[in-house]
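Subject: Structure handover

Hi,

Here is the structure for you to look through. My notes follow below it.

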Amino acid sequence: MAWLVPKKFNTVRNHGSSKMNVLWNWDGFGPDNCGGIYFEGEKDTPWGKRFAFHKAEVQDYLKQACRTWIEEYGVDGLRFDSVHNMPWWLLQSLTFELKTHYPNKILIAEITPENPAVLHDAGFHSCWLHATHFDSIKIMKGSDGGGDPHKRIGMLKNMVAPHGFGNVGGVHSVLGSHDQIGDRHHGKQDGHGTHRYYVSRLGGKGNWHARAQMRAWFGFQNCCKGLPMTFMGTENLQEDWWHVDPHHRMNWGLVDGADPQTMEMRAFVTASNKLRTSCEALTRDEVKFVHEDGNNTILAFMRWTPEMAALCIVHLGESQWENDSYGLNTSWGGGRQWKLALTSQAKEFGGWDGSSTAEAKSDDGGKIMINIPKWSILVYLS
């Protein structure tokens, strides 16, 4: 089953979001009050006071709020924010009841650090994986291990098949989620100005390399095990940071068809999403790494069903191979034919004609000779 999670509600079940929180005010909390029926006796968190989880009334309120979003608003699933600030027994109770009443709804947990126990013990279907985003930043900056060829490949492999999380057990946001893109402090979150749309980290929408790198990362994420997630605006090459103020909300002006760079990115996003939903191999459990080139940051891996194999090749570097000059192992010999299904460097996406080899045939040892363009994702089907 191709889980895409098209519509979900981000539910915060562990704290009031600020001292202007409506529930807080209604609850009689106030700046000088330490109680209220929903918060009495609980500790503070960096985002406000925790709910009084020990109270039966509060537990029932939280469960009924979840049911309201599912029944009244028709969401496909719920993402629980910062569950490490919630009692484990309550998570188990919540997920048990929700799965009993709504077996077709997906339940996603954010826990820091990431922990497969939220799937196996706390009852969630999937876990939010922050590490994939931060590892991608390390690779692009060549810092904190991202400059070491073996560690770079290791980071990419862990994105492809996150250890302990299974096929739908991890949610990837390689290009950033609200936590990395949203900024409430005029673009200087935490005093460092570190919260940005990914394209701005790479040089901005007007930079050809930044656009190529965005396409490569987006397509790579769609080839990985897990659930791909994209924060609104990323697919349009929106820049700077996100906030609710008028200047940093979703920029709808980018989707009117007048901006050619945005349209190229959107065309690739559409093609990549269509391939993921139409190619069952990209949503199955099976993964086999078949080619590793740490010096050039090239990783190839296979995903398959009994009827079809998908060969995914990611190249995160400036080198380039033309005239079918790169030899890549597929581990599948005997003259097997491979047909290009997607390349992020196609002309219609902002690349160029002839950037990639349309068809290749593996030799008896499983090697194919192909073009590999700079900063690209290639998917071959056989």
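Aspartate 144 sits in the loop between H5 and H6. Helices (H or I, at least four residues) and strands (E, at least two) are DSSP runs, numbered from the N terminus. Aspartate 144 is not a glycine, yet its phi is positive, at about 50 degrees. It is exposed, with a relative accessible area of 63%. Buried means under 20% relative accessible area, exposed over 50%, and partly exposed in between (1.4 Å probe, protein chains only).

Before you read on: this is a predicted model, where local features need pLDDT of at least 70, side-chain atom pairs count only at pLDDT 80 or more, and totals for chains, interfaces and linings use all residues. Residues are numbered from 1 along each chain as its sequence is written, and side-chain values use heavy atoms, with hydrogens and water left out.

Threonine 297 also has a positive phi, near 50 degrees, and is a residue other than glycine. Its place is the loop between strand S9 (288–293) and S10. Threonine 297 is buried, with a relative accessible area of 5%.

Now the cores. A nonpolar core is a set of buried Ala, Val, Leu, Ile, Met, Phe, Trp, Tyr and Cys residues joined through side-chain atoms within 4.5 Å. The largest one has 41 residues. Leu156, Met214, Trp217, Phe220 and Leu316 have the most contacts inside it. Elements giving two or more residues to this core include helix H5 (131–141), helix H6 (149–160), helix H9 (208–223) and strand S16 (376–381). H9 provides the largest share, eight residues. A second, separate core has 29 residues, among them Leu78, Phe80, Leu91 and Ile111.

What does tryptophan 217 touch, leaving aside neighbours within four places in sequence? It is in contact (heavy atoms within 4.5 Å) with Ser136, Ile139, Met140, Leu156, Met159, Val174, Leu175, Tyr198 and Leu316.

Serine 376 lies in strand S16. It is buried, at 0% relative accessible area. A polar atom of its side chain lies 2.8 Å from the backbone oxygen of proline 373. Leaving aside neighbours within four places in sequence, serine 376 is in contact with Ala216, Ile313, Val314, His315, Ser344 and Gln345.

Next, histidine 84. You will find it in the loop between strand S4 (77–80) and H3. Not counting residues up to four places away in sequence, histidine 84 touches Glu110, Ile111 and Thr112. Its side chain reaches the backbone nitrogen of threonine 112 at 3.0 Å. Threonine 112 is joined to proline 113 by a cis peptide bond, with omega about -5 degrees. Proline 113 is in the loop between strand S5 (106–109) and helix H4 (117–120).

Last, the cavity. On a 1 Å grid over the protein atoms alone, a cavity is a set of points where a 1.4 Å probe fits but cannot get out; lining residues have an atom within 4 Å of a point. Grid points are joined across faces, edges and corners, and a volume is the space filled by probe spheres set on the points. The structure holds one cavity of 30 Å³ or more. The largest cavity has a volume of about 40 Å³. Its lining is Lys63, Arg67, Leu94, Glu97, Leu98, His101 and Tyr102. H3 gives the most to this lining, with four residues.

Best wishes

Conventions: A polar contact is a pair of N or O atoms within 3.5 Å; within protein, one must be able to donate a hydrogen and the other to accept it, and residues adjacent in sequence count only if both atoms are side-chain atoms. On a 1 Å grid over the protein atoms alone, a cavity is a set of points where a 1.4 Å probe fits but cannot get out, and a pocket is an open set with protein on both sides within 12 Å along at least five of seven lines; lining residues have an atom within 4 Å of a point.
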